Amino acid sequence: MARDGGGMTHDLDLAPIGNGAINALIDRRGAFVWCCAPRVDSDPLFCNLLSGRAAGEEGARGFWDVHVEGVAQTRQAYLRNTAVLRTELTDGEGNVLEVIDFAPRFRLHGRPYRPTAFVRLIRPLAGAPRIALRLRPTANWGERDCETTSGSNHVRYLGQDVTLRLTTNAPVTHILTERVFRLEEPIALFLGPDEPFSGEVLTSATAMLADTCADWREWVRTLSVPVDWQEAVIRAAITLKLCVYEETGAIVAALTTSIPEAPHSGRDWDYRYCWIRDAYYVVQALNRLGAADILENYLGFLRNIVDAADGGHIQPLYGVGYEPILTERIVTTLPGYRGMGPVRVGNQAHEQIQHDVYGQIVLSNVQAFFDERLLRPATHADFEALEAVGERAFEMYNQPDAGLWELRTRAGVHTYSAAMCWAACDRLGNAAGKLGLAARAIFWNDRARQIRATIEAEAYNADLGHFTATFGGTELDASLLQLFDLRFLKPDDPRHQSTVEAVEKHLLKGENLFRYNLPDDFGAPETAFNFCTFWFIEALHLAGETDRARALFEQMLSRRTHAGLLSEDISLSDGVLWGNYPQTYSLVGLINCAVLLSRPWSAVR
C-alpha cells in the first residue's frame, strides 16, 4: 500500500479473482477493494478503490478484509495455475493465518457452476491470531452502506443492483459488530445469492476450493505456451479469461472505471464494457495459445451484435449484455482513485464513429471458417451476415472517424481504420475461397485491392518517407506498427521499415512508446501506453533487433504488479502504473511478445 503525505492511499498492486460471472480486486493485505455485482458493469458493492480512504484507514468503507491485530508481515500469491489467491498474514508475536479467496467455478450437474459468489477460507497456521472480520459493502456508488438483515448463521446485504447473503460457520455477531476474537479453528465465508446455503459451509467451501482449482488447472493444461516466460503468459491468460462475461461472451477492456491515465489528468474512463477492438486483440492473443473456448463464446456475442446492426452502423463498444446505450455520467459520491476524479460511469465512446470495428469483426470471425476444432464451425449463413459488415467497411473506409484512440473533439480519415476495413474485405475473400464461392472471392479481393490502392496513395507521405496516421497528414501514431500484423505490409517492405524508424524517433521516450505525441482533447499525453510498447518490441524483433527486443520485454515484465499484471499506462519518471486495471490490451501485448521472442520447444527437448 503506497503512502501519500503520511496517510495510506491506494495503488494498483492488486490481484483479481473471478469466475466468468463476477470479479473482485484484492489488495496485498487481503482486502476486497473493488467488486461490482451482479455484473462487471454494475454498481460497486466494494468501492474502496475509488473512495479516497484505503481499507484499514479510519472511516474507510466499501471493503471486506480480515483484520489481524498487530500485523507485521504479509505474503500473497496465486495457487499455481489458478485464479485462487492465498494471503498469509503474520502478527508481531509470530501468530500466522492464511486467507484463501476465490469465486467458485466448476461443472455441477453437467453444466457450468459460476455463481455470483465469493468464498473466503480463513485458517490458523501458527498460534491463535486475533482478528476481526470487517465486511462493509456499499450501494449507489458509495452513497450509502448496504442495509443488512441477519439470521442464525447468515447476514443479508441489500445492494443497489443485487442482494447477497453471507453464510458462515463463524458467529454472525462477530461480523455484525466487527468483534476482535482469537482465530482457533478454520472459518468459511460464502458471500453469494440470497438463498439458503445447502450443506455445511466449511465442508462445502473446502470442496469448492478443490473443484475450482481443478477447473482452472484443466483449462491451463489446454494452452499451448511458449518455452520462455511460461508463468507470466499463464497468469496473463487466466486474467484475460477473468475479463470474459461468459453468459454472453463479451470481453471487457478492464475490470475498473476511472483510474486516471496520469495524475490529475482528467483522463478517467469507464472500461467495464466490451470494445470490439480490444476483444479482437484478446481472442487473437489467446488463439496463439490455443484457447478456442473464448473465441467461440465471443463469436456468439458478435453474431448478436451483427444481427442487431442489420448491415448498418456498428458501435465501437457495447455493454456485456449487448446494451448499445452506455450514457456517460459523473458520480459525485466517490472522490476517485487517490482522490483524483472524476469518477465516470458509462462511456461516451458508444456514440462515436470508429470504422476499424468492421475489420475487427471479420478478423475475429474468419478463423471459424478454417478451424476444425470448433464446436460450431462457420456456415454459409455466417458468411452472408459478414458480407454485410464488409459492405459497410467498403462504404466507410475513406470517411472520417474518431480513430482507435477515440478522440472526442476532432475527426480524420485514420490510416489504421482504413487498413482494418481493407482487412475485412481481404479476409472475406479468404473465407469465400474456403467455402468454394469463387465469384464472391473475386468480388472481395477486388474491393481489398481498391482500398489498398487508396491507402498507399493517401496515407504514405513520400516527402517524409513513411506512412502517416491520417490520409494526407504528417502526424504519426503507434497504430502504424500494426500494418505488418494486418499483413498489409511485409516486414522487408522499405515503407514499413521507414515507418517503424519514424515511430521510434518521434514516439519512443526512454523505453516506452507513446500512442501519439500531439496534444489531444486533454492536452499532451503524460504517460506511455503499455500496449504500444509491446507493439514496438514486436517491430524490433521483426527488424532483426531481437536482443534489444528481449531486453525491452524483460523490462516490461519487471513493471508488472506482484500479481503479474499491468494496467493501461506507465509513468516515465518513476515507473508507476496508471490507467484501468488489469488492462486486456497490456496482457495481450505480453502474450504476443512472449510467443514471438521465446525459444522453440525443440531447443529444450
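Guide: Two strands pair if DSSP finds at least two bridges between them. Helices (H or I, at least four residues) and strands (E, at least two) are DSSP runs, numbered from the N terminus. This is a predicted model: local features need pLDDT of at least 70, side-chain atom pairs count only at pLDDT 80 or more, and totals for chains, interfaces and linings use all residues. Residues are numbered from 1 along each chain as its sequence is written, and side-chain values use heavy atoms, with hydrogens and water left out.

Visitor: Over how many bridges do strand 3 and strand 4 pair?
Guide: Strand 3 holds residues 15–18. Its alanine 15 stands opposite isoleucine 26 in strand 4. The pairing is antiparallel, over 4 bridges.

Visitor: Which residue in the turn between strand 3 and strand 4 has a positive phi?
Guide: The two strands form a hairpin, with 4 residues between them. Phi is about 95 degrees at glycine 20.

Visitor: Are the residues of strand 4 buried or exposed?
Guide: In a regular strand the side chains alternate between the two faces of the sheet. In strand 4 (residues 23–26), Asn23 and Leu25 point one way, Ala24 and Ile26 the other. Buried means under 20% relative accessible area, exposed over 50%, partly exposed in between (1.4 Å probe, protein chains only). On both sides of strand 4, these residues are buried.

Visitor: Which residue in strand 5 is the bridge partner of isoleucine 26?
Guide: Strand 5 (residues 32–36) pairs with strand 4 in the antiparallel sense, over 2 bridges. The two form a hairpin with 5 residues between them, and glycine 30 in the turn has a positive phi of about 85 degrees. Across from isoleucine 26 is phenylalanine 32.

Visitor: Which strands stand at the edges of the open sheet?
Guide: The sheet has 8 strands in the order 8-9-10-13-21-19-18-17, with antiparallel pairing. An edge strand has a single partner, so one side of it lacks a neighbour in the sheet; this holds for strand 8 (71–78) and strand 17 (147–150).

Visitor: What angle does the direction of helix 2 make with that of strand 13?
Guide: Strand 13 (residues 118–126) is joined to strand 10 (residues 96–102) by 7 bridges. Helix 2 (residues 201–221) packs on the sheet, in contact with strands 10, 13, 19 and 21; contact means heavy atoms within 4.5 Å. Axes are lines fitted to C-alpha atoms, for helices over the stretch in contact, and angles run from 0 to 180 degrees between N-to-C directions. Here the angle is about 100 degrees.

Visitor: With which side chain does arginine 165 make a polar contact?
Guide: Arginine 165 lies in strand 19 and is buried, at 15% relative accessible area. A polar contact is a pair of N or O atoms within 3.5 Å; within protein, one must be able to donate a hydrogen and the other to accept it, and residues adjacent in sequence count only if both atoms are side-chain atoms. At 3.2 Å, the partner is aspartate 194.

Visitor: Why is the pair of phenylalanine 46 and tryptophan 64 classed as it is?
Guide: Rings of Phe, Tyr and Trp (its six-membered ring) pair if their centres lie within 6.5 Å; planes under 30 degrees apart count as stacked, over 60 as edge-to-face and the rest as tilted. By this rule there are 29 aromatic pairs. With centres 6.1 Å apart and planes at 25 degrees, phenylalanine 46 and tryptophan 64 are therefore stacked.

Visitor: Which strands hold phenylalanine 46 and tryptophan 64?
Guide: Phenylalanine 46 is buried at 0% relative accessibility, tryptophan 64 at 2%. They sit 18 residues apart, in strand 6 (residues 44–46) and strand 7 (residues 63–68) respectively.

Visitor: What separation do the C-alpha atoms of phenylalanine 536 and methionine 340 have?
Guide: Phenylalanine 536 belongs to helix 12 (residues 530–542) and is buried, at 0% relative accessibility. Methionine 340 is 196 residues away along the chain, and the C-alpha separation is 31 Å.
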